[in-house]
Amino acid sequence: MLLPAMRVWSAPFSGWLLAAALLALASCGAPAQRAIQDLAAIHEPSDWTPRSPASLSVAPERYLAEQPSRASGPGLYVIEDHRELEAAILRTIAGAPQEIPGFSLEACAWLGIELLFDDYAQARVQSAAILSSFAGAWIERSAVQLSPPREVDAEAYARATQAFLDADEAKDRDARLAALEELASLRGPSPVVVIRTLTGVARRLDRTPLRKGDEERAFRFGAACVLSFLEAGAADPDPEVAEACRTRLELLEQYAYRNAPSSP
């Protein structure tokens with residue numbers, strides 16, 4: 001995955017209120033699983049600028065129309081209104097299954113790119129909302145709990161990442177879970193590193209799924225990554241984007257950290 005230069009750095013509610021406060025977006029015509037591929041396809045991989053024509057899994061009208069006039073399949077399509085199509089694809093991703101670790105974690109990695117690199121403020125706000133919806137669902141439904149992340153250097157984070165890769169190659173269930181736990185407890189050295197790590201972990205989990213009782217570990221890591229993306233987004237130069245990220249981050253932290261040990 002190629003990433004462009006960063007554009008940013010520079011009272012308890014009940015569980016159902018958390019989810020409602022974060023996002024209520026409906027999905028539309030094309031399957032959510034393909035929407036991630038299409039979101040990437042309409043952007044240049046080198047700098048995340050709009051790309052046209054683009055190789056899409058379905059015609060743009062499958063995203064844009066509630067009842068498309070014709071069936072469509074994979075093809076090279078001219079993008080007439082990038083922002084309109086981008087918003088429609090994001091609405092589809094918002095309806096993606098949040099309970100499948102491999103898919104949902106990779107979706108969050110691409111949404112992290114969208115939040116931190118897209119040139120359109122409203123798309124960044126929309127991405128922040130969807131990321132928050134995923135993390136909120138994991139916190140509510142999977143009882144995900146976090147502690148404030150530990151500061152580590154890039155080498156330590158790389159070792160933790162490698163520990164997961166090694167455990168995955170060895171098919172060592174306990175070591176794989178321990179590595180996910182460790183990654184969820186660390187602050188990544190940069191959002192770019194976190195995006196790459198999240199993508200790699202997601203693809204391994206898609207290839208070798210966790211057992212049902214183990215999935216909370218993956219969601220814990222995913223939620224930690226989402227919080228780091230929102231923290232970076234809170235420094236966005238656009239005030240609306242920054243406020244959207246800050247508000248959602250504070251709300252999620254109330255729940256994710258509610259059982260964390262208090263500072264002496």
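Modeller: A residue is buried under 20% relative accessible area, exposed over 50% and partly exposed in between (1.4 Å probe, protein chains only). This model is predicted: local features need pLDDT of at least 70, side-chain atom pairs count only at pLDDT 80 or more, and totals for chains, interfaces and linings use all residues. Residues are numbered from 1 along each chain as its sequence is written, and side-chain values use heavy atoms, with hydrogens and water left out.

Colleague: What share of the chain's residues counts as buried?

Modeller: Of its 264 residues, 52% are buried. The chain has eleven helices and four strands. Those are DSSP runs, numbered from the N terminus: helices are H or I with at least four residues, strands E with at least two.

Colleague: Which peptide bond is cis?

Modeller: Start with the general idea. Most peptide bonds are trans, and most residues other than glycine have a negative phi. Here the bond between S52 and P53 is cis, with omega about 0 degrees. Find P53 in the loop between α2 (32-41) and β1 (54-56).

Colleague: Where does A143 lie, and where should I look for K171?

Modeller: A143 sits in the loop between α6 (121-141) and β3 (150-151). K171 sits in the loop between α7 (154-170) and α8 (173-184). Neither is a glycine, yet A143 has a positive phi of about 55 degrees, and K171 also has a positive phi of about 55 degrees. A143 is exposed, at 53% relative accessible area. K171 is exposed too, at 69%.

Colleague: How do α6 and α10 cross?

Modeller: Two packed helices are described by the angle and the distance between their axes. The axes of α6 and α10 (residues 215-233) come within 9 Å and cross at roughly 150 degrees. Axes are lines fitted to C-alpha atoms over the stretch in contact, with angles from 0 to 180 degrees between N-to-C directions. In contact (heavy atoms within 4.5 Å), A128, L131, S132, A135 and W138 of α6 meet F219, G222, A223, V226, F229 and L230 of α10.

Colleague: How many aromatic pairs are there?

Modeller: Three. Rings of Phe, Tyr and Trp (its six-membered ring) pair with centres within 6.5 Å; planes under 30 degrees apart are stacked, over 60 edge-to-face, the rest tilted. W48 and W110 are stacked, 6.1 Å centre to centre with 25 degrees between planes. W48 is in the loop between α2 and β1 and W110 in α5 (residues 101-117), so the pair ties together parts 62 residues apart in sequence. Both W48 and W110 are buried.

Colleague: Which residues form the aromatic cluster?

Modeller: W138 and F219 are a stacked pair, 5.3 Å centre to centre with 15 degrees between planes. This pair links helices α6 and α10, 81 residues apart. W138 and F219 are buried. Together with F134, they form one cluster.
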